[in-house]
Amino acid sequence: SKPTGQEVFDWTIPDEWRIKDAYLIGPDGVRYCDFRQTNLCIVNYSASIDKYLEFDELKSHLHSLPSLPTAIPYVTSYYSSNWGFCVSHEVLETMPKKGKYYCFIDSEHTQGNLEYGHLLLNGGCNEKEVLLTSYLCHPSLANNELSGPLVLVGLYERLKNWKFRRFNYRFYIG
C-alpha cells in the first residue's frame, strides 16, 4: 500500500475518488446520463456539482466520439479539478440545445492508498527477474480490467507448473 501524493516512478498517486450518485437531466425531463445505469457516463474523477446550466454552458463538459457515434467515451480528470458527462455522439445530437439542464454529481476526493499485490515464482539459480503486471484502475473496461488480470492469472498458472524456470517471475497487480 502506498499513500496519496507519493511518487511512483514518473507518476504521483492521486487522491482517492468516491462517487455516490450522478445524473444529467435535460430541459425535456429526459435523463441523459445516469451513474446508476453506467458509470462510464461520468467523467472519472469528477468534482461535485449541483447546478442548472444552459446547453451552451454545459457543452464544454459533455464528451462524445463523433467517429464512434454509438460509443460512450472513457474520460478522466485525475490531476485537475473538473467535472463532466460522457454520452454517445448519437445521444448528444438528440439533446435539446435550448433550456436548462440539471447537472448533479455527488463525489468526493480524499486521502487514500494505492493497494497492490505481488507474488514471486522463484526460478532457481538465476537472479534475473521477469516482471509481469496488470492493473485494476479503470472501472467497466473489459480490455483493461478483465483481459489484463485474466492473462496474468493464466501466465502464473502456466509458469508455476514448469519443472525448470530459467528466471524469477514476479507477478504484480495494482
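Visitor: Is S46 buried or exposed?

Guide: The model is a predicted one, in which local features need pLDDT of at least 70 and side-chain atom pairs count only at pLDDT 80 or more, whereas totals for chains, interfaces and linings use all residues. Residues are numbered from 1 along each chain as its sequence is written, and side-chain values use heavy atoms, with hydrogens and water left out. The terms rest on relative accessible area, with a 1.4 Å probe and protein chains only: under 20% is buried, over 50% is exposed, and anything in between is partly exposed. S46 has a relative accessible area of 0%, and therefore counts as buried.

Visitor: What is the phi of Y45 near?

Guide: Y45 is placed in the loop between β5 and β6 and is buried, its relative accessible area being 7%. Its C-alpha atom is 8.1 Å from that of R18, 27 residues away along the chain. Y45 is a residue other than glycine, yet its phi is positive, near 85°.

Visitor: Does F9 count as buried or exposed?

Guide: F9 also has a positive phi in a residue other than glycine, near 55°. Its place is in the loop between β2 (7-8) and β3 (11-12). Because its relative accessibility is 83%, F9 counts as exposed.

Visitor: How many aromatic pairs does a search of the whole structure find?

Guide: Rings of Phe, Tyr and Trp (its six-membered ring) pair if their centres lie within 6.5 Å; planes under 30 degrees apart are stacked, over 60 edge-to-face, and the rest tilted. Ring pairs join W17, Y45, Y78 and Y79 into a cluster. Over the whole structure, the number of aromatic pairs is 13.

Visitor: Why is the pair of F55 and Y101 classed as it is?

Guide: This pair links distant parts of the chain, since F55 is in helix α1 (residues 55-58) and Y101 is in strand β9 (residues 100-110), 46 residues apart. Both F55 and Y101 are buried. The ring centres are 6.0 Å apart and the planes lie at 50°, so the pair is tilted.

Visitor: Over the ring of which residue does the charged end of R31 sit?

Guide: A charge sits over a ring if NZ of Lys or CZ of Arg is within 6 Å of the ring centre and within 35 degrees of the ring normal. The charged end of R31 is 4.2 Å from the centre of such a ring, that of Y23.

Visitor: About how much space lies in the largest pocket?

Guide: On a 1 Å grid over the protein atoms alone, a pocket is an open set of points where a 1.4 Å probe fits, with protein on both sides within 12 Å along at least five of seven lines; lining residues have an atom within 4 Å of a point. Points are joined across faces, edges and corners, and the volume is the space filled by probe spheres set on them. For the largest pocket, this space is about 990 Å³.

Visitor: Which residues lining the largest pocket are the closest to its centre?

Guide: Strands β4, β10 (113-114), β12 (129-134) and β13 (168-173) each supply at least two residues of the lining. Of the 36 lining residues, the closest to the centre are W11, L114, L136, C137 and G174.

Technical notes: Helix = DSSP H or I, 4+ residues; strand = E, 2+ residues; numbered from the N terminus.
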